[in-house]
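Subject: Structure handover

Hello,

Here is the structure for you to look over. My notes follow below it.

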Amino acid sequence: MKPSTNRMLTRIKSVYMFICKNGTVTTQELVDEFGITPRTIQRDLNVLAYNDLVRSPSRGTWTTTHKKVKMSS
């Protein structure tokens, strides 16, 4: 796996874990927490939403779904 792909997957996993830990978060909270652009966060959230791991109950807020996830390191 390319290093850039590995970094992206690690970041997406971190975003998912942050949302799990905090319940409902805003896009801006994620931008502030991870120090990356709103566009990058939106791409990461799109990957998570596509895989039915997060949902947006209202514009700009995110929460996890009840889908079971097996985490590996």
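Of the contacts in the protein chain with a separation of 6 or more, 48% are between residues 24 or more positions apart; contact means heavy atoms within 4.5 Å. This is a predicted model, in which local features need pLDDT of at least 70 and side-chain atom pairs count only at pLDDT 80 or more, while totals for chains, interfaces and linings use all residues. Residues are numbered from 1 along each chain as its sequence is written, and side-chain values use heavy atoms, with hydrogens and water left out.

Overall build

The protein chain has three helices and three strands, in the order α-β-α-α-β-β from the N terminus. Its radius of gyration is 12 Å, close to the 11 Å that the globule rule gives for 73 residues, so the chain is as compact as a globular protein of that length. Helices (H or I, at least four residues) and strands (E, at least two) are DSSP runs, numbered from the N terminus. The radius is taken over C-alpha atoms, and the globule rule is 2.2 Å times the number of residues to the power 0.38. The C-alpha trace spans about 35 × 30 × 20 Å along its principal axes.

Surface and burial

Of the 73 residues, 29% are buried (under 20% relative accessible area; exposed is over 50%, partly exposed in between; 1.4 Å probe, protein chains only). The accessible surface is about 5,200 Å², with 53% of it belonging to carbon and sulfur atoms; areas come from the Shrake-Rupley method with a 1.4 Å probe, and for residues only the protein chains shown count as cover.

Helix α2

Which residues of helix α2 (residues 27-34) are buried? They are T27, L30 and V31. These residues cover an arc of only 100 degrees around the axis, which puts them on the same side of α2; the arc is that of the directions from the helix axis to the C-beta atoms. The cover over the buried residues of α2 includes α1 (3-22), β1 (25-26), α3 (38-50) and β3 (61-64). After α2 comes G35, with a positive phi near 65 degrees.

Two loop residues

D52 sits in the loop between α3 and β2 (54-55). D52 is not a glycine, yet its phi is positive, about 60 degrees. Its relative accessibility of 43% makes D52 partly exposed.

S58 is in the loop between β2 and β3 and is also partly exposed, at a relative accessible area of 39%. From the C-alpha atom of S58 to that of N6, 52 residues apart along the chain, the separation is 30 Å.

Regards
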